[in-house]
Amino acid sequence: MLALTELGQRLRQERESKGLSLEDLQKLTKIQKRYLLGIEEGNYEVMPGKFYVRAFIKQYCEAIGLDTDAIFEEYKSDIPSTQTEDMPQQLSRVRSRKEIPQHTKGVSKAYDYLPTVLVVAGVVVVGIIIWVIAQNIVSDKNKEQANQEAPNSEVQQSNTQEETNETTAKNDNSTSEDDQSAADKKEQEKEKAEKEKAAKEKAEKEKAEKEKKDSGKQEYKEVQKTGRSATYALSGTDAFNLEVTSTQADTWLDVKNGKGNAFFSSILKKGETKKFDLTKETEARVNIGYSPGVELKVNGKAVDLPFDSSKQVRQVVTIQYQPAEAQ
């Protein structure tokens with residue numbers, strides 16, 4: 001086993017003081033455990049490259065709450081530096097491509113396509129001539145037809161005007177009916193929205209009154225404390241709702257019932273809140289990996305953590321629940 005570097009010793013001590021295992025840190029940083037162990041042992045050979053060494057150390061420091069810049073300055077002799085690699089072969093290839101006389105290639109290709117261009121141009125000219133002749137023929141026919149239909153034009157205009165007026169009248173009636181239908185539909189939607197809003201407000205009010213009533217009778221008292229674990233008894237209420245919020249940093253959170261079934265077992269991000277309805281359970285076990293800044297609420301009422309978080313980073317809280325109706 002490799003001897004720990006000063007940086008590795010510092011990081012491991014800081015991690016253990018926060019009650020975090022390498023597995024916990026792997027979940028926080030998404031860095032493989034073997035790389036985290038390599039950082040602590042100063043075994044950078046396991047890393048994919050020097051750039052990853054510095055990047056992984058930076059993520060390690062951020063995860064356990066250390067100042068990255070200060071760590072890099074203090075332990076710069078333990079951290080490998082990165083250098084930009086030269087690429088003369090690539091630059092050489094770029095120059096060789098630029099030196100190719102592209103204009104000579106373009107001229108050669110133009111000569112190859114010249115016969116085809118001339119043929120296409122001839123076809124286009126013939127097509128234009130045919131089109132002009134056809135237009136003249138069509139124009140003459142239209143003039144003859146207009147002279148023959150002139151006597152009937154006034155009658156046709158009159159009929160057309162009447163048809164237009166009828167169509168306009170029908171469209172006006174249809175538009176009016178559509179407008180009325182849209183107005184009725186909008187009014188119905190408005191009434192429906194108001195009813196839904198009223199029902200929601202009523203439900204929220206009833207819920208708030210019930211929680212207020214329950215919280216007035218609710219008792220939450222300590223049963224015992226040992227090591228980093230504490231047990232509390234919750235009684236005098238028909239509900240068991242738990243809220244866990246992390247305000248300072250990410251933390252590992254594990255919530256299980258008395259049978260060991262997990263409701264949540266993952267990282268609780270900074271500023272995130274998780275809510276659990278445990279009314280059907282008789283016991284809940286809350287395992288907090290990093291307790292500073294973690295807040296607990298039982299049925300909407302804030303409760304204190306059993307230990308001083310500055311002295312006991314990891315804490316386990318067990319809550320035994322007995323519904324009021326069963327008492």
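**Sheet and helix contacts**

Reply: An open sheet is formed by 6 strands in the order E1-E2-E10-E7-E4-E5, with mixed pairing. This is a predicted model, in which local features need pLDDT of at least 70, side-chain atom pairs count only at pLDDT 80 or more, and totals for chains, interfaces and linings use all residues. Residues are numbered from 1 along each chain as its sequence is written, and side-chain values use heavy atoms, with hydrogens and water left out.

Me: What makes E1 and E5 edge strands?

Reply: Strand E1 (219-226) and strand E5 (262-268) each pair on one side only, where two strands pair if DSSP finds at least two bridges between them. The twist from one strand to the next averages 15°.

Me: Why is H2 called roughly perpendicular to H3?

Reply: The axes of helix H2 (residues 22-29) and helix H3 (residues 33-41), being lines fitted to C-alpha atoms over the stretch in contact, with angles running from 0 to 180 degrees between N-to-C directions, come within 9 Å and cross at roughly 110°. Since angles of 65 to 115 degrees count as roughly perpendicular, H2 is therefore roughly perpendicular to H3.

Me: Which residues make the contact of H2 with H3?

Reply: With contact meaning heavy atoms within 4.5 Å, Leu22, Glu23, Leu25, Gln26 and Thr29 in H2 meet Lys33, Leu36, Leu37 and Glu40 in H3. These residues divide into 4 nonpolar, 2 polar and 3 charged, in a scheme that counts Ala, Val, Leu, Ile, Met, Phe, Trp, Tyr, Cys and Pro as nonpolar, Asp, Glu, Lys and Arg as charged, and the others, Gly among them, as polar.

Me: Which residues of H3 are called buried?

Reply: Tyr35, Leu36, Gly38, Ile39, Glu40 and Glu41 are the buried residues of H3, buried meaning under 20% relative accessible area (1.4 Å probe, protein chains only). Their cover includes helix H1 (6-17), H2 and helix H4 (50-64).

Methods
Helix = DSSP H or I, 4+ residues; strand = E, 2+ residues; numbered from the N terminus. Parallel < 35°, antiparallel > 145°, perpendicular 65-115°, else oblique. Buried < 20%, exposed > 50% of the residue type's maximum accessible area, 1.4 Å probe, protein only.
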